[in-house]
Each structure stands twice: as structure tokens, then as C-alpha cells.
Amino acid sequence: MKKQYSISRKLNISFIYIVLILFAVSIVIPVAWVFMASLKENSEFYGQSPWALPKGLYFQNYIDAFEKANMGTYMINSVIVTALALLFLLIIALPAAYVLSRYRFRGSKLLNVVFMGGLFVNVNYIVVPIFLMLVDGDTFLRTHNLPPFLLNNLVVLALIYAATHLPFTVYLLSGYFVSIPKDYEEAAFVDGSGYTHTMVKIMIPMARPAVITIILFNFLAFWNEYIIALTLMTKDKYKTLPVGLMNLESAQRAAAQYGQLYAGLVIVMLPTLILYMIVQKRLTQGMSLGGLKG
């Protein structure tokens, strides 16, 4: 009986490993192929197998993608928007999560319900209302002889990113704050520390694992976001990397400059791949931090 159980367990483990290997191969091969294609000269895409190795390392594709296709400008825009969105998100989410998880006051349950309800709102469904609100705002400014600034504004885009990811961030942080014993706060209050000082100097440093996790999750989300940036950034000089990549794809497909196209894909993928390889363990652990415990 034990022998049969052992054989069955080994077969199950072997099946799981085979499935995981197949999944890994299905992801690694396309990514490796894009990297390989980005180093090919344009002539190498014709008359030979697409799986053929590049004859040399043609880094001119990356130079052309940065200079001729404006990928450098798009990358700077993405860096600015992502950094600002993370800053706005932390400034709003940390106090909100701390207060909602540690204190009970009139309206706290309603606020918790509102934030939890926000988890079920798909951002793609509200892009058009957001766009119309910004258009109306710019129209209002024009009618009062003020310069419009809501559309094609990287700061406004960062604010919208932060707002759309606020429910998830508050949910994750609240679950971690709840798990911290109240003894630390009580000791701080006895020593004369105020609420704000206790939150900034004691509670937030103790929640560092959760803070790092939400920074990583949201960085990946902001860096790869496409729909909102496409809708709100109508001028080319304000576009982010994912939107710029789509423009590059359309232009280079017509011009048959495939090397530049794949170089643009690598430019978008590389930061997230490097970040994920560095922090993959922390990201996996962070999945268990969310969830309210009281």
C-alpha cells in the first residue's frame, strides 16, 4: 500500500514538473527570440529561417529605436509617470491603510467597504468617463481664460494611475497593519509620541515588507499600463513606452524595419524582467500579505 502511494506521489510530482517546464519553455522561448531578433540586421529577416541566429551583434537597432523612433523620450516619460504615481500612491495609501486598519470611528466601515468595492472595478471600463471628465475640465478652464492642462499632462496621468490602484494598495497594506501588535503603539503613546509621529517613525518602518511589495506590484502595473496612457496622452511627446511601442510597431511594420521594432520590444521588457528576476521571491511572499484579519 505504501509502495503504491509512493509511486502515485512520484507520478504526480513528475507530472507537475513536466507542466511547469512546458510553461517555462513557452515563456522563455518567445522572450529569447525577441532578444535574438533585436540584434539582427534588416536583411537577415528575409530568405532564411526566423530561428536562425544573428550573424553579428547589430546594436544599431537600439540606437535607431532611441533616436529615430523616440523611444528615449517615451522611456523618460514612463520613468517620470511611474515614479510620480508611486510617490502619490504611498503618500495617500499609507495613512489611509494605517487609520482604517488600526482605528474605529464613525464612517470607518463604510470607507472600508468603498475601498474593497474598488477592487472589483475594472479600470478599462472607466477610461472613457475619466477622459470625458478631463475634457470637460479643460473646456471649463478655457471658458474662464485659463490654460488647459488636464490632458497631455504627465502629473495628471500619474495621479490617475495612483487613484486607480489605491483600493488594492490599501487592501494589501491594511492586512499587514492589522497583524502588528498594538503594544508598539501603546508604548509610543506612553513615551509621549503623537499619532502622526507613531505612524511615520514606528508603524510604517515595521510594515516595510508590505511597502516594498506594493511598490514592486504597482511599478510593474504602471510601467506596462497602456489603455489610460493611450487615451489621455494624445500628443506624441507625452506618450509612455507601451504607447510609443505600438506607434513604433505600426511605423516599422510599414517600413519593414523589423530590427528596430524588436529592439523597441526589448527596451520595454528589459526593466521589468530585470526587476522581476531580482525580487521574484519578495513578490511571491507578498501575495500572502494581503487580506484583512479583523
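In which helix is the place of Asn 218? Asn 218 belongs to helix α10, which spans residues 208–224; helices are DSSP runs (H or I, at least four residues) numbered from the N terminus. The model is predicted: local features need pLDDT of at least 70, side-chain atom pairs count only at pLDDT 80 or more, and totals for chains, interfaces and linings use all residues. Residues are numbered from 1 along each chain as its sequence is written, and side-chain values use heavy atoms, with hydrogens and water left out.

View 1. Beyond neighbours within four places in sequence, Asn 218 is in contact (heavy atoms within 4.5 Å) with Leu 86, Leu 89, His 165 and Thr 169.

**View 2. Thr 169 in helix α7.** Helix α7 covers residues 166–178 and includes Thr 169. This residue is buried, because the relative accessible area of Thr 169 is 0%. A polar atom of the Thr 169 side chain lies 2.8 Å from the backbone oxygen of His 165. Not counting residues up to four places away in sequence, Thr 169 touches Leu 89, Ala 93, Ile 214 and Asn 218.

**View 3. Packing of helices α8 and α9.** Helix α8 (residues 183–190) packs against helix α9 (residues 195–206) at an angle of about 145 degrees, and the axes are 10 Å apart. Axes are lines fitted to C-alpha atoms over the stretch in contact, and angles run from 0 to 180 degrees between N-to-C directions. On the α8 side, the contact is made by Tyr 184, Glu 185, Ala 188 and Phe 189; α9 contributes Tyr 195, Thr 198, Ile 202, Met 203 and Met 206.

**View 4. Aromatic pairs.** The structure holds 9 aromatic pairs (Phe, Tyr or Trp rings, the six-membered one for Trp, with centres within 6.5 Å; planes under 30 degrees apart are stacked, over 60 edge-to-face, and the rest tilted). Tyr 98 and Tyr 103 pair edge-to-face, at 5.7 Å centre to centre and 85 degrees between the planes. Tyr 98 is buried at 2% relative accessible area, whereas Tyr 103 is partly exposed at 23%. Phe 168 and Phe 217 are also edge-to-face, at 6.1 Å and 85 degrees. This pair links helix α7 and helix α10 across 49 residues.

How values were computed: Helices (H or I, at least four residues) and strands (E, at least two) are DSSP runs, numbered from the N terminus. Buried means under 20% relative accessible area, exposed over 50%, partly exposed in between (1.4 Å probe, protein chains only). A polar contact is a pair of N or O atoms within 3.5 Å; within protein, one must be able to donate a hydrogen and the other to accept it, and residues adjacent in sequence count only if both atoms are side-chain atoms.
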